[in-house]
Amino acid sequence: MNALMRRLSLDGHIVVAPVNLEGGRDQLTEQDRRRLNALHLRKIDLADSVMVVCPGNYIGESTAKEIAYATAAGKQIDYVS
């Protein structure tokens, strides 16, 4: 995802991405998780389009909910695996 964000940024796009929780996910409280989930939906609201990075074509439950949210908001959705 970082390589894609860099490439898009160098191409002149404004990239709004989810917070990278790698290595710290288990340290979050339930309140932290709810707050970050709500913040991510607001980021989708701000976006012109959504790019879903899905290695091995895997889409988890949380990402599926975000895709449904973006679809309902009329956002263009592209997938990169």
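Which residues does Met5 touch, not counting residues up to four places away in sequence? In this predicted model, Met5 touches Val15 and Ala17. Met5 itself is found in helix 1. The C-alpha atoms of Met5 and Val15 are separated by 6.4 Å, although the two residues stand 10 residues apart along the chain. Met5 has a relative accessible area of 24% and is therefore partly exposed, a label that applies between 20% and 50%.

Rolling a probe the size of a water molecule over the atoms shows where empty space is left. The largest pocket holds about 1,600 Å³ of space. Its lining is made up of 44 residues, and those nearest the centre of this pocket are Met1, Ala17, Pro18, His40 and Met51. Several elements take part in the lining: helix 1 (2-10), helix 2 (30-46), strand 1 (49-53) and helix 3 (61-72) each supply at least two residues. Helix 2 gives the most to the lining of the largest pocket, contributing 8 residues. Sorted by class, the lining of the largest pocket comprises 27 nonpolar residues, together with 9 polar and 8 charged ones.

The second largest pocket has a volume of about 150 Å³. The residues that line the second largest pocket are Asn37, Leu41, Glu61, Ser62, Lys65 and Glu66. By class, the lining of the second largest pocket divides into 3 charged, 2 polar and 1 nonpolar residues.

Asn57 is found in the loop between strand 1 and helix 3. Most residues other than glycine have a negative phi. For Asn57, phi is near 60°, a positive value in a residue other than glycine. Is Asn57 buried or exposed? Its relative accessible area is 58%, and because exposed means over 50%, Asn57 counts as exposed. Met5 in helix 1, by comparison, is partly exposed at 24%.

Methods. Residues are numbered from 1 along each chain as its sequence is written. This is a predicted model: local features need pLDDT of at least 70, side-chain atom pairs count only at pLDDT 80 or more; totals for chains, interfaces and linings use all residues. Side-chain values use heavy atoms; hydrogens and water are left out. On a 1 Å grid over the protein atoms alone, a cavity is a set of points where a 1.4 Å probe fits but cannot get out, and a pocket is an open set with protein on both sides within 12 Å along at least five of seven lines; lining residues have an atom within 4 Å of a point. Grid points are joined across faces, edges and corners, and a volume is the space filled by probe spheres set on the points. Helices (H or I, at least four residues) and strands (E, at least two) are DSSP runs, numbered from the N terminus. Ala, Val, Leu, Ile, Met, Phe, Trp, Tyr, Cys and Pro count as nonpolar, Asp, Glu, Lys and Arg as charged, and the others, Gly among them, as polar. Buried means under 20% relative accessible area, exposed over 50%, partly exposed in between (1.4 Å probe, protein chains only). Contact means heavy atoms within 4.5 Å.
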